[in-house]
Amino acid sequence: MNLIPVRRSVVDLDALNRELPLPYSLRIQDFQMAMQDVYDFLYDVDSHLVARSLKRFETMLRPAILSGILSDMLTGSLARHSRSLTENTYFNGHPDLLVDGMYPGNAIQAGREGVEVKCTRKRGGAVDTHGARAQWMCVFVYRSDSKTEPASARRPLAFTEVYLARVEVKDFRKNPRGELGTRTATLHQDGLRKLREAWVYRDDRELS
């Protein structure tokens with residue numbers, strides 16, 4: 001049986017915004033390496049699965065679960081590559097990345113300093129949060145091919161946009177969810193404009 005080989009996504013170095021001021025001693029290459037870490041992981045796992053005639057990892061998962069896994073992977077990679085940030089060890093604590101040593105045990109339920117990491121398929125970076133907060137928000141936008149047939153010919157997952165901006169409570173709108181729904185908040189139009197102006201990465205190859 002002839003299998004279509006799995007392709008490995010590669011970060012476009014020309015799509016990185018090297019002029020954007022970054023907080024907490026972050027470097028533009030921290031984002032490059034974090035994205036490439038995800039690409040390398042997916043390539044290794046998908047090559048293994050496809051060789052056994054199984055579905056690719058990213059097609060096995062529901063979109064919300066995939067976004068959550070990617071967010072966790074990116075958080076971990078940024079923590080490894082960053083010079084000053086580390087993962088928040090408090091379960092479901094905020095933000096995801098803390099200044100190393102600022103809080104006891106690098107664990108805080110709701111801290112003021114650090115970076116919250118989100119991942120979404122929504123172009124432009126509009127993503128739901130659990131509440132409106134003043135925070136550094138980092139949003140990774142990815143493209144996942146779920147339509148090409150045969151499925152073995154689908155393009156590998158790729159990040160198309162990355163944003164990192166300081167947002168305030170006033171930049172959010174609340175999303176009514178009804179009596180049984182979970183209350184969330186999303187950046188409103190002006191808040192999204194602020195986020196999009198602070199772009200770290202925009203891959204026109206994948207956006208077109």
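Q: Which residues lie nearest the centre of the second largest pocket?
A: This is a predicted model, where local features need pLDDT of at least 70, side-chain atom pairs count only at pLDDT 80 or more, and totals for chains, interfaces and linings use all residues. Residues are numbered from 1 along each chain as its sequence is written, and side-chain values use heavy atoms, without hydrogens or water. A pocket is an open set of points on a 1 Å grid over the protein atoms alone where a 1.4 Å probe fits, with protein on both sides within 12 Å along at least five of seven lines, and lining residues have an atom within 4 Å of a point. Ten residues line this pocket, and those nearest its centre are Leu54, Lys55, Arg56, Ala151 and Ser152.

Q: What volume does the second largest pocket have?
A: Its lining splits into four nonpolar, three polar and three charged residues, where Ala, Val, Leu, Ile, Met, Phe, Trp, Tyr, Cys and Pro count as nonpolar, Asp, Glu, Lys and Arg as charged, and the others as polar. A volume is the space filled by probe spheres set on the grid points, joined across faces, edges and corners. For the second largest pocket, that comes to about 180 Å³.

Q: Which element gives the largest share of the lining of the largest pocket?
A: The largest pocket has a volume of about 990 Å³, and 35 residues line it, with Ser71, Glu116, Val117, Lys118 and His130 nearest its centre. Elements giving two or more residues to this lining are helix H3 (63-81), strand S3 (115-120) and strand S4 (135-143); helices (H or I, at least four residues) and strands (E, at least two) are DSSP runs numbered from the N terminus. By class, the lining has ten nonpolar, 16 polar and nine charged residues. The largest share, seven residues, comes from H3.

Q: Which residues of H1 are buried?
A: An α-helix has 3.6 residues a turn, so residues three or four places apart point the same way. Buried means under 20% relative accessible area, exposed over 50%, and partly exposed in between, with a 1.4 Å probe and protein chains only. In H1, the buried residues are Ile28, Asp30, Phe31, Ala34, Met35, Gln36, Val38, Tyr39, Leu42, Asp46, Leu49 and Val50.

Q: Is aspartate 30 buried or exposed?
A: The side chain of aspartate 30 meets that of arginine 27 in a salt bridge, 2.9 Å from N to O, a salt bridge being a side-chain nitrogen of Lys or Arg within 4 Å of a carboxyl oxygen of Asp or Glu. Arginine 27 is partly exposed at 25% relative accessible area. Aspartate 30 has a relative accessible area of 0%, so it is buried.

Q: Where does lysine 194 lie, the partner of aspartate 171?
A: These two form a salt bridge with the closest N and O atoms 2.8 Å apart. The pair links distant parts of the chain, 23 residues apart, with aspartate 171 in the loop between strand S5 (158-167) and strand S6 (172-175) and lysine 194 in helix H4. Aspartate 171 is buried at 6% relative accessible area, whereas lysine 194 is partly exposed at 29%. The place of lysine 194, then, is helix H4 (residues 189-197).

Q: How many salt bridges does the structure hold?
A: Side chains of opposite charge can pair when their charged atoms come close. Another pair is glutamate 149 with arginine 154, 2.9 Å from N to O; here glutamate 149 is exposed at 60% and arginine 154 is buried at 12%. In total, the number of salt bridges is eight.

Q: What is the phi of serine 53?
A: Serine 53 sits in the loop between H1 and H2 and is exposed, with a relative accessible area of 53%. Tyrosine 24, in the segment before H1, is buried at 17% and has a positive phi of about 55° although it is not a glycine. Serine 53 is also a residue other than glycine with a positive phi, near 60°.

Q: What is the omega of the cis peptide bond between histidine 94 and proline 95?
A: Proline 95 lies in the loop between strand S1 (85-87) and strand S2 (97-99). The bond joining histidine 94 to proline 95 is cis, with an omega of about -5°.
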